[in-house]
Amino acid sequence: MSGPRLRDDLGDLEGYHSPQVDVAVRLNTNESPYPPPPEFFEAWTAAVSGSAAHRYPDRAAISLRSALGGFLGQPTERVFCANGSNEVLQTLLLGYGGPGRTALVFEPSYVLHAHIARITGTGVVTGERQPDFRLDPAAAVRLVEEVEPDVIFLTTPNNPTGMVEPRETVEALLERIAARSKPGLLVIDEAYAEFSPWTAIDVVADGVPLVVVRTYSKVWSMAAFRLGFCIAPAAVVADLEKVVLPYHLSVPTQLAGTVALRFTGEMGARVASIKTERDRVGAALAALDGVEPFPSGANFILFRSTDGQATWEGLLRAGVLVRNFARWPRLDNCLRVTIGRPEENDAFLAAMKEVLAA
Ligand code: PMP
């Protein structure tokens, strides 16, 4: 008997791969190097123990959404939560993409934008960045005029480049969408915004075609929980609620997100120390011969090495795993290192020196 066949339009789809290797120093997936504080786990487990596990969760996740909205200065109706920002992105594309519709991405960027677009049957148009990975705002606006995409993705700080897009670029794109007759949506993926100098959250307003996507996976040290959210016009949130599966967000996840907000002081301290370490690692990389680090507003740094593949292999032999983009289109010889604890960053820098000397 022949097995089932994947949809024809997905025949050559590659899964999402970020290989995990068991090494001493793992700096390849942009997680926080610090777990949440023990008091978080105490408060969360107490809340889970007291929950009505025999009942379905609050479908609208009101407590979590109102707590998050309060934290970000936004009304509950402008907050939508899901299992990781990936599920937020998927729900956006299920609602606003699909057959006959188009998403515009600017490469190189977070690969899941184009990947989820394909899975949801959305056409993908790729805009290019400049060789230094900056976006040319005029060229981006021209492409939006030409393609008239239904959904535009912009990641700031961008993954994997670390580049922060200026507010003017966001405003120029929004202006362009507002000026045309066909409706469209600008989705700003801010998975790393807490490490960067600005956020587009305060540009979100009812009637403005803008969604800002965020995650608990990075600064909140909660990648294992799978919780992400977006801030969007209330009408967009209402659409997303129609599209997403009922009861998609479990009680433990909703409680984790609410309880975490009691630890904003710890979160701020983690962000501050990671930014200090990022600047230290960036300066140390810049001082190495044959290494070109790119400026970063995130918790990772992209750098180009004369022979990226050999550098990646050498680091791995030294027990340090970084993300290998050396053979990716547009990213030749580039590697991306997540900022870890100071001792992990020291181990990475020592390994870099060793590998380059060899
Ligand atoms: N957006 C960007 C730009 C990311 O880098 C990531 C994680 N690598 C995500 C979204 C997904 O994060 P999560 O699903 O864990 O919230």
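Visitor: How do the residues of the lining of the second largest pocket divide into nonpolar, polar and charged?

Guide: This is a predicted model, and in it the lining of the second largest pocket divides into 10 nonpolar, 12 polar and 6 charged residues.

Visitor: What is the volume of that second largest pocket, and which residues are the closest to its centre?

Guide: The volume of the second largest pocket is about 490 Å³. The lining is made up of 28 residues, and those closest to the centre are Tyr16, Thr29, Tyr110, Tyr192 and Lys218.

Visitor: Which helix gives the most to that lining?

Guide: That is helix H3, residues 84-96, which gives 4 residues to the lining of the second largest pocket.

Visitor: Now the largest pocket: how much space lies in it, and which residues lie nearest its centre?

Guide: About 730 Å³ of space lies in the largest pocket. Its lining has 32 residues, with Gly15, Tyr16, Val111, Arg323 and Trp328 nearest the centre. Two or more lining residues come from each of helix H4 (111-119), helix H10 (308-317) and strand E11 (320-324), and H4 gives the most, with 5 residues.

Visitor: Changing topic, what is the order of the strands in the open sheet?

Guide: The open sheet has 7 strands in the order E2-E8-E7-E6-E5-E3-E4, and the pairing is mixed. Strand E2 (79-82) and strand E4 (123-128) are the edge strands, each pairing on one side only. On average, neighbouring strands are turned by 25 degrees against each other, direction ignored.

Visitor: How many bridges join E2 to E8?

Guide: There are 4 bridges between E2 and strand E8 (residues 228-231), and the two strands run antiparallel; Val79 stands opposite Ile231 in E8.

Visitor: Which strands does H4 touch when it packs on the sheet?

Guide: H4 touches strand E3 (102-107), E4, strand E5 (151-155) and strand E6 (185-189), and its direction makes about 160 degrees with that of E3. Helix H6 (residues 167-179) lies across E5, E6 and strand E7 (210-215), running at about 160 degrees to E6.

Note on methods
Residues numbered from 1 in each chain as written. Predicted model: local features only at pLDDT ≥ 70, side-chain atom pairs only at ≥ 80, totals over all residues. Heavy atoms only, no water. 1 Å grid on protein atoms, 1.4 Å probe; cavity = no way out; pocket = protein on both sides within 12 Å on 5 of 7 lines; lining within 4 Å. Points joined across faces, edges and corners; volume = space filled by probe spheres on them. Nonpolar A, V, L, I, M, F, W, Y, C, P; charged D, E, K, R; others polar. Pairing = 2+ DSSP bridges. Axes fitted to C-alpha atoms, helices over the stretch in contact; angles between N-to-C directions. Contact = heavy atoms within 4.5 Å.
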